[in-house]
Amino acid sequence: MEISIFQNPSDMRQMPERKHGSLKNVTILGFGSSNSMVELACHVLENATSLESMALDTIYDNLYGKANIGRCCTTSAADGDEIGRRCVLLSRELILQAHSGLQAIESYVRRKVPDEVDLTVHGPCTQCHALDDLDE
């Protein structure tokens, strides 16, 4: 099991500096709060000299395909098509992990994003997968 960045934030490793000049677009599905995920995202942001965009998605569920992972089921993440009335059912654990990933992005990753890079963050549907709803 991965160690969360929130357990010991001072344990973030600094990867050897190596420039990645050809990397333009990066997408990470299932982004979480593990040290290694945060380290990887920060490393890419700091060393991909041609980076134009980074998309971090805190949900990855290969049962439903890339188009509708974790977004509100009334629209597909890919093209906005209507696909249903309710979100795909996600486990409590997956919802908690997704929200922890969002918190890690806000606490550690977003401040490393250069001005010329477009950061897109996808989280769980706020209508169907809010933290407040988990206790019901």
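1. Contacts of Tyr60. In this predicted model, Tyr60 touches Leu29 and Gly30, leaving aside residues up to four places away in sequence. Tyr60 sits in the loop that runs between strand 2 (53–57) and helix 2. The C-alpha atom of Tyr60 is 9.3 Å from that of Ile28, and 32 residues separate the two along the chain.

2. Exposure of Tyr60. The relative accessibility of Tyr60 is 45%, so the residue counts as partly exposed. The partly exposed class covers values between the buried limit, under 20%, and the exposed limit, over 50%.

3. Overall make-up. The chain contains two helices and three strands. In sequence order these elements give the pattern β-α-β-α-β. Of the 136 residues in the chain, 41% are buried. When contacts between residues at least 6 apart in sequence are considered, 74% of them join residues at least 24 apart.

4. The three strands form an open sheet in the order 1-2-3, and the pairing is parallel. Strand 1 (25–29) and strand 3 (118–122) are the edge strands, each pairing on one side only. From one strand to the next, the twist averages 10 degrees.

5. Strands 1 and 2. Five bridges join strand 1 and strand 2 in the parallel sense. Within this pairing, Val26 stands opposite Met54 of strand 2, and Leu29 stands opposite Asp57 of strand 2. Leu29 is also one of the residues that Tyr60 touches.

6. Burial in the strands. What are the two faces of strand 1 made of? The covered face has Val26 and Ile28, while Asn25, Thr27 and Leu29 belong to the uncovered face. In strand 2, four of the five residues are buried, so this strand is largely enclosed by the rest of the structure.

7. Helix 1. Leu40 is part of helix 1 (residues 35–47). With a relative accessible area of 37%, Leu40 is partly exposed, because the buried class requires a value under 20% and the exposed class one over 50%. Leu40 and Val109 lie 69 residues apart in sequence, with a C-alpha to C-alpha distance of 9.9 Å.

8. The largest pocket. How much space lies in the largest pocket? The volume is about 380 Å³. The lining consists of 18 residues, and those closest to the centre of the pocket are Glu2, Gly32, Ser33, Ser34 and Gln97.

9. Lining of the pocket. Which element gives the largest share of the lining of the largest pocket? Helix 2 (residues 92–109) does, with five residues. Sorted by class, the lining has nine polar, seven nonpolar and two charged residues. Gly counts as polar in this sorting.

Technical notes. Residues numbered from 1 in each chain as written. Predicted model: local features only at pLDDT ≥ 70, side-chain atom pairs only at ≥ 80, totals over all residues. Heavy atoms only, no water. 1 Å grid on protein atoms, 1.4 Å probe; cavity = no way out; pocket = protein on both sides within 12 Å on 5 of 7 lines; lining within 4 Å. Points joined across faces, edges and corners; volume = space filled by probe spheres on them. Buried < 20%, exposed > 50% of the residue type's maximum accessible area, 1.4 Å probe, protein only. Contact = heavy atoms within 4.5 Å. Pairing = 2+ DSSP bridges. Axes fitted to C-alpha atoms, helices over the stretch in contact; angles between N-to-C directions.
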